[in-house]
Structures are given as structure tokens and as C-alpha cells.
Amino acid sequence: MTPATTALLDHFQQTFPRAIDLSLDRVLTLLKKLGNPHHHLPPVIHIAGTNGKGSTLAFLQAMLQAGGLKVHKYTSPHLVHFNERIVLQGRDIDTAALEKVLKQVKQAAQGLEITFFEATTAAAFLAFANTPADCLLLETGLGGRLDATNVVDTPTLTLISPVDMDHQDFLGNDLEKIAVEKTGILKPNCPVISAPQPLPALEVIKEKAKQQKAPLSLYGRDWNITPRETGFDYQGGALSGSYPLPNLMGQHQIFNAGLAIAAAVNLLQFSLNQNHVITGLQTAQWPARLQSLPQLATPVREVLLDGGHNPSAAKALAETLAALPACPTILIFGMMANKNAKQFLDILSNHLTHIIPIMIPDHEKTCFSAKDLAAIAQS
């Protein structure tokens, strides 16, 4: 990334309000000044949920690309380089193109108080509108109803990944309130597919789909997954059949893959077949989701990297550790201070032999200290 691009991103971080005031008014004003690029996007598949959004989109992207389609994708946050957030025709946006759209946003945003995410989402929409593609896979940043991505009025398909407790300070302190925010992406008459859900969230999804007259495809009713030792069976529509284990580790990834297949079934215009699905399952990449790091491994030690930070992610991690051969397991652990570290560690406690707490670099003011994490772990 060039110094100019870094300076533009730093500008949005430093001069725009850090406090998140969820609203669509500011981003709509900005987009209008930019020529409303969100009205000139390829067909949009919009996804909200607590966990599994990125993995689901990684599987769906790989399936669509296996079918010869050009795919845009928008996800957040990034791991190493900001460019990872904006994928054009299957590749991270190049720095020159990123710098161009960021400059346009900076110019249009003069006099407006907008958040970093709103500014960069507007930049992404500019990039997507300027580059032809067959579809855009669009992930919400926070919630759904008032998320900056929810300016898209007529998506082709909406997906709801599993809903769980997270970001309660913005979305509400129970599953019903959180599900109300997530289902804000549902649009009139636009089909919606739901992953397995806890009952309170499921009831909200059903009611919202009914209000919007949105055809609803539910896990357990309209599509299903049956795990097997070497793969899984998918039931539900034209792509029903037996499939190999996904490229991404963990039993939970089978259900994320299932949601992606259910989406592919509903994207009739792309005519995907089982071979496209199999290729997608075997080639999907989504770093920091139980990612093996062989460069740090030894003959007797495997190193896994995972970004989980809420109860649902902890449960998925615990289930994966339980399925691995028994061995000493060391958790090197840092967490933002607005997360429930005690609950996270409670879920994992029976699967760990040691914990090494750490500060998160460059977030010392907003993360748990190593000392506080150690005290939580010892409790």
C-alpha cells in the first residue's frame, strides 16, 4: 500500500467520529454526492448474522467462480491489508484503484461527519459500480437494519447466518433484539435463506419475512445438512447430494457451506451444478478461521489461528478442539474490552491446559490488559 493510500485511510480514522451512531442518513447523503453508485451494482447477495458470514461468502464465492462467474465481494474487517475488504472480480482491489475511490470519497465527504466504515463502504460501492461483474457478495459490518451496506434497496437474495450474542451495546441485550437488527436487511419480495438459529431469533426471522412478503427458506424445513465422517449430505432443491468436507476446518463450517449451497440453489440464473459446489468447497479460502500456520509448527506442535470473540465462536472452537487428538493445548489470547472474556473462557476451559494472555497491539486503550485476562482465566 502506498503512503498516499495509507494517509487517506488514516484521515478517515482520525478526522471522522470514532463513536458509531448507527444510521443510514449520513451514508445516503454521501452516496448522493458521489452519484449514487449503490444504484449501479451487479446483482447483490446480502448477508447478515453474528457468525459465519465471511465463511459462507467464501464458499459461495468459490462456487460461483468455479461456474465461470465474475464475483465482487465486500467483507470486514481486514486481517493485514485494507485491500482485502474490497474484492473485484475475485481479486483484492489494487492500491491504485483503492486510492482513486478513497480520494473521491474524501472530496465528497467535506463538511460531513461520517464514520470510517461509512466512508470506506461508499468507496467500495464506487469500485463495484465501476467494474463489471456477475454478482456482488455483500457482508454487513454491524447489525443490518442501520448498517451502511443496507442502502441496497433491491438485493437478489438475502442470507441470515447464525444469530448470537455480540455487540450488545449497539444491537440490544437479548437474541430477539439482535435478530430484529439482523433481519433489517430483508426486503419486500426478496428471497431470504436462514441458517440454523436459536428459537428466539428464528421467530423474529419468520415474522420479518412474513411482513416483507419475502419467500423464506429455513434450515430444518426447506434445506438440511447431515454430517458424515468424510463429508456431509445436503438436502434441499436441485443441488441435493453428498459432498466432501469443506476446505475450512471445523464442524460448524459444514453448516456455513450448507447455507452457501442453499444460496446457490436459489441463484437459478447462474446455473451452478454439483461439480461447481464441490470445487468451491475444496478451494474456498478464509484466513484466521481455525487456520493452520505450518510456518510456526513443529513435528509435535500444530499452531492454529482463529478470530472468534463471542460465545457462538467459542462453542465452535471448543467442538473442534474436542474432535482433535488429545494433547496439551495452549491458548494465546487477546480480546477487546467490550467482549465477554469470562464467558468465552468458560466455554473453552475444559479444552485448554495453559493460557497466555496478551495485549492487542495498537489497541491498548480498548482491549483487556494481559493482567486482567490472567485474573479472569484464574477465576
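## Close-up views of a predicted model

**Figure 1. Lysine 213 sits in the loop that links helix H8 (199-212) to strand S8 (216-218).** This is a predicted model, in which local features need pLDDT of at least 70 and side-chain atom pairs count only at pLDDT 80 or more, while totals for chains, interfaces and linings use all residues. Residues are numbered from 1 along each chain as its sequence is written, and side-chain values use heavy atoms, with hydrogens and water left out. Helices (H or I, at least four residues) and strands (E, at least two) are DSSP runs, numbered from the N terminus. Lysine 213 is exposed, with a relative accessible area of 65%. For the accessibility words used here, buried means under 20% relative accessible area, exposed means over 50%, and partly exposed lies in between (1.4 Å probe, protein chains only). Phi of lysine 213 is near 55 degrees, a positive value in a residue other than glycine.

**Figure 2. Asparagine 36 also has a positive phi, near 55 degrees, and is not a glycine.** Look for asparagine 36 in the loop between helix H2 (25-33) and strand S1 (44-48). With a relative accessible area of 22%, asparagine 36 is partly exposed. As a reminder, most residues other than glycine have a negative phi, and most peptide bonds are trans.

**Figure 3. Serine 76 and proline 77 are joined by a cis peptide bond.** Omega for this bond is about -5 degrees. Proline 77 belongs to the loop between strand S2 (71-74) and strand S3 (86-88).

**Figure 4. Helices H3 (residues 53-66) and H9 (residues 252-266) pack at an angle of about 50 degrees, their axes 8 Å apart.** That angle makes H3 oblique to H9. Axes are lines fitted to C-alpha atoms, for helices over the stretch in contact, and angles run from 0 to 180 degrees between N-to-C directions. Angles under 35 degrees count as roughly parallel, over 145 as roughly antiparallel, 65 to 115 as roughly perpendicular, and the rest as oblique. H3 passes H9 in a right-handed crossing. A crossing is right-handed if the near helix is turned clockwise from the far one by less than a right angle, and left-handed if anticlockwise. On the H3 side, the residues that meet H9 are Ser55, Thr56, Phe59, Leu60 and Met63. Their partners in H9 are Gln253, Asn256, Ala257, Leu259, Ala260, Ile261, Ala263 and Ala264. By class, the contact of H3 with H9 has nine nonpolar residues, four polar and no charged. Here Ala, Val, Leu, Ile, Met, Phe, Trp, Tyr, Cys and Pro count as nonpolar, Asp, Glu, Lys and Arg as charged, and the others, Gly among them, as polar.

**Figure 5. Serine 55 lies in helix H3.** Serine 55 is buried, with a relative accessible area of 4%. Setting aside neighbours within four places in sequence, serine 55 is in contact (heavy atoms within 4.5 Å) with Leu248, Gln253, Asn256, Trp286 and Arg289.

**Figure 6. Helices H11 (residues 311-323) and H12 (residues 341-348) pack at an angle of about 20 degrees, with axes 8 Å apart.** H11 and H12 are therefore roughly parallel to each other. Their crossing is right-handed. Pro311, Ala314, Lys315, Leu317, Ala318 and Leu321 of H11 make the contact with Gln343, Phe344, Ile347 and Leu348 of H12. Sorted by class, the contact of H11 with H12 holds eight nonpolar residues, one polar and one charged.

**Figure 7. Valine 192 is placed in strand S7 (residues 192-194).** Valine 192 is buried, with a relative accessible area of 1%.

**Figure 8. Serine 217 is found in strand S8.** Serine 217 is buried, with a relative accessible area of 14%. Beyond residues up to four places away in sequence, serine 217 touches Val192, Ile193, Ser194, Asp222 and Trp223.
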